[in-house]
Amino acid sequence: MKKNFAIVSFLLTGLLVVAVVIGIPLLHAMQLSLYKLESFISEPIWVGLDNYARILVDRDFWSAFGNGLVIACSSIALQVVLGIGIALILNQNFIGQSIARGVMILPYLLPTVVACLTIEWLLDGSYGLVKSLLASAGIPMFDWSASRLSATATIVLVSVWIWTPFVVTCVLAGMQSIPRQLYEAAKVDGAGSWHRFWHVTLPGLKPVLTVVVLLRGIWMFNKFDVVWLLTKGGPVNSTETLPVLAYRKAFQSFDVGGGAAVATISFVMLSVVILIYLKLFPLDEK
Amino acid sequence: MSDLNEMNASPAAAQSGDRAPSGKRRALMQASAAAAALGALGFPSVHAKSNVTLRFLNNETSVDSNRALRVAAAEYERKFGTKVIIDSTPIDDTFPKIQASIKAGQPYDIATIGFIAHMIILANQGALIPVTEMTKKHQWGPQILFPIKGQVWWYPYDYNLAANYYRKDLYAEKSLKIPETWEQYLSNARALTVSKDGNVDRGGCIFPIASNGASNWTSFAFLWAEGVRVMDKNWNVIVDSAENSERIGRYLDMYAEMYKTMPPNMNSASYAQLLGLFATDKVAHSAYSGRLVETIEARAPTLADKFGVFPYMDSKGNAKAVNNGYDGFVVLKSKQSEDAMKFLRWFIDNHYINWLHTAPIHFQPPRLDVYEDKRWWAHPLIEKHAQTVKAMQSWITDKKMVINSIDSDGPTPDVRPAKVFESYVFPEMLQNKVLKGMSNAECVKAAGEKIRQVITA
């Protein structure tokens, strides 16, 4: 009875926190999306679902959705591949292994704004280190912010730099839980290192990778800071993602209802994707 | 005692020289006490705690501006007992903070505002107290008071007019003249461009194309000089009218050529690059307000006597323009609005010049009487750069000078131009031209469509 009480109290506390910090703002955003208002102090005018109808035919919305998918998918793919590779190395016994593991986590501790400013300075066309290095090789500097490809690549690069250590840490922890006997049995059966990785390591990491990809997917799709700090969605909105579009509309373009509608649609889309993902890769799989 | 009595005597008695007869000492003392009491009633707040605390949201975050406000607040509290708390915040956070304070039922009492649309929204929502009575006392420059419904809702303290700063020494080296036409400007920019290792090492000019305020502020006054307007007097979007399309097309062609003379990364350039590249000899022309002069003085003093300034020009050399920029104080509607108005009146009467001196060239006075005030001219930087300052003054007194900006375009102050500003339609037009290689007609068409879309949202 006492144990049940503790469980219920923890659950209620958790639900209360979620309701206050997520539920109420979410409902408020949904409510705002049904009104036309220029600012948070303007007189709201009821427009029903008009904001949704307007947003769903807006080219900028679908472009932002596509940009978000490209940035999220490419970042996650690189983070996972690099994360597994680095974790495999760090899982070996070598001198300085502990130090290497410690150093690996450092980018994860770096504030996003610091990482973005560092990249901007490195790539600066007038004073940047990359410009100097290229110039010494007789190669002219490229303008990273001038095309969709280079601007997107820069965003992905920074995201990979900052977040790969998170994947490394999770995968490394997952590797510790794979029984050594499985590797030994595979060796006895004549499996080489590639086969051991493919048939033992990867299946053993599946639960960890399922969670990592899910979390990274949610975080990358909702990524605001890196995009805002590096490109603000440019050039010509080619790196604008849904969170940036929602912010722009609600806080800059005097379209609070439109911004709230973008945020709500984005939330619904992400929820649907998560449900499908969890159906395909259930977390409680034995 | 008699000295004390003399001190407490009414001003009228003191002036008339009347002396009380010595036999009526008690009556005199009583009269003195009564006079003192009446005096205290007449000036109840002097040297007394008023129990009023005003909150002032300041977005001028420089050390000098902050200090000036704090000094004024301390003096005000000493004199009148009203505490004024100065809360400083970056300019981008001002409006969200003001909105949050209003929604929370504790509005700031006074604030500085740097974007006209925010003042308009606050005024339209009845969140401001008009300051018409205060602004009526002086003559003002053009395009600065932005009255709504016959009332003025802010007390402007500066213009930040964007104009072209150039390197006089480089002009002399190449025997160049101040340009009067776009062709001449382009020719000068080309002549001053230095390339090294395949890169532009010193740009001929810099006009950003990034979707940010810096581009909106500095890259389009050529259009105002050329006669382009975004809205007509009935709020119709005319940016893509036949006449304007042709004008904008001419500018886009000129811009595409200027772009080749600019340093790299124009699509991520902002205020910092406009200042920094000029101050570090990485560009020969830069567009900015007087802040550039202050930056040069602080960071690159060797350039302090090597720059000049000229306004934007049209393609044929018939018109001149500067891009408008401004800041002002607003008094918000609160339980303490009367006290806030009192403070602002006192601040304007006693500290306006001090405040302007905290960014002596950047805070270009919008009040015309300030240009006659010796105290204002006495600041060392204003004295030193008197020629530049007089040029800046001429922009607001010259009736032919075009003063416009994206956010203040249109027949009356309104949020619609601000929506155009914040949707970055104009920078995108330049991006479409130089990054995507779209034709002039496509660029203008896309801009017109987007403007119509954002102003109806």
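This briefing walks through a predicted model with chains A and B. The model scores ipTM 0.81 and pTM 0.85. Residues are numbered from 1 along each chain as its sequence is written, while chains are lettered from A and ligands numbered from 1 in the order in which they are written. Because the model is predicted, local features need pLDDT of at least 70 and side-chain atom pairs count only at pLDDT 80 or more, whereas totals for chains, interfaces and linings use all residues.

**How confident is the model?**

- The score to know here is pLDDT, the predictor's confidence in each residue, from 0 to 100.
- Chain A averages a pLDDT of 92, with 99% of the residues scoring at least 70.
- Within chain A, helix α5 (residues 106-109) has the lowest confidence, at a mean of 88, and helix α2 (residues 50-56) has the highest, at 96.
- Chain B has a mean pLDDT of 90, and 89% of its residues reach 70 or more.
- Residues 1-25 of chain B have a pLDDT below 50, and this stretch has 11 contacts in the model beyond near neighbours in sequence.
- Residues 31-46 of chain B also stay under 50, with 12 contacts beyond four places in sequence.
- Where pLDDT is low, the predicted coordinates should not be read in detail.

**Helix pairs in chain A**

- Helices (H or I, at least four residues) and strands (E, at least two) are DSSP runs, numbered from the N terminus.
- Axes are lines fitted to C-alpha atoms, for helices over the stretch in contact, and angles run from 0 to 180 degrees between N-to-C directions.
- The axes of helix α8 (residues 148-176) and helix α10 (residues 193-221) of chain A come within 9 Å and cross at roughly 150°.
- α8(A) and α10(A) are therefore roughly antiparallel to each other (angles under 35 degrees count as roughly parallel, over 145 as roughly antiparallel, 65 to 115 as roughly perpendicular and the rest as oblique).
- Their crossing is right-handed (a crossing is left-handed if the near helix is turned anticlockwise from the far one by less than a right angle, and right-handed if clockwise).
- On the α8(A) side the contact includes W163(A) and V167(A), and on the α10(A) side it includes L205(A) and V208(A); two residues are in contact if their C-beta atoms, placed from the backbone, lie within 7 Å.
- The residues of this α8(A) and α10(A) contact divide into nine nonpolar, four polar and one charged (Ala, Val, Leu, Ile, Met, Phe, Trp, Tyr, Cys and Pro count as nonpolar, Asp, Glu, Lys and Arg as charged, and the others, Gly among them, as polar).
- α12(A) packs with helix α13 (residues 256-280) of chain A at an angle of about 160°, their axes 7 Å apart.
- That makes α12(A) roughly antiparallel to α13(A).
- α12(A) passes α13(A) in a left-handed crossing.
- Among the residues that meet here are L242(A) and A246(A) in α12(A), and G259(A) and A263(A) in α13(A).

**The loop between α11 and α12 of chain A**

- K232(A) is found in this loop, and K232(A) has a positive phi of about 55° although it is not a glycine.
- P235(A) is placed in the loop too, and the peptide bond from G234(A) to P235(A) is cis, with omega near -5°.

**Sheets in chain B**

- Two strands pair if DSSP finds at least two bridges between them.
- Three strands form an open sheet in the order β9-β6-β10, with antiparallel pairing.
- The edge strands of this sheet are β9 (285-288) and β10 (307-310), each pairing on one side only.
- Strand β6 (residues 163-167) pairs with β10(B) over four bridges, and Y165(B) stands opposite V309(B) in β10(B).
- Helix α13 (residues 271-279) of chain B lies across β6 and β9 of chain B, running at about 145° to β9(B).
- Another open sheet has three strands in the order β11-β12-β14, and its pairing is mixed.
- Strand β12 (residues 320-323) and β14(B) pair in the parallel sense over three bridges, with I403(B) in β14(B) as the bridge partner of V322(B).

**Where the chains meet**

- The contact takes 28 residues from chain A and 33 residues from chain B.
- α7 (129-136) and α12 (242-252) of chain A each supply at least two residues of the side that touches chain B.
- By class, that side of chain A has 10 nonpolar, 12 polar and six charged residues.
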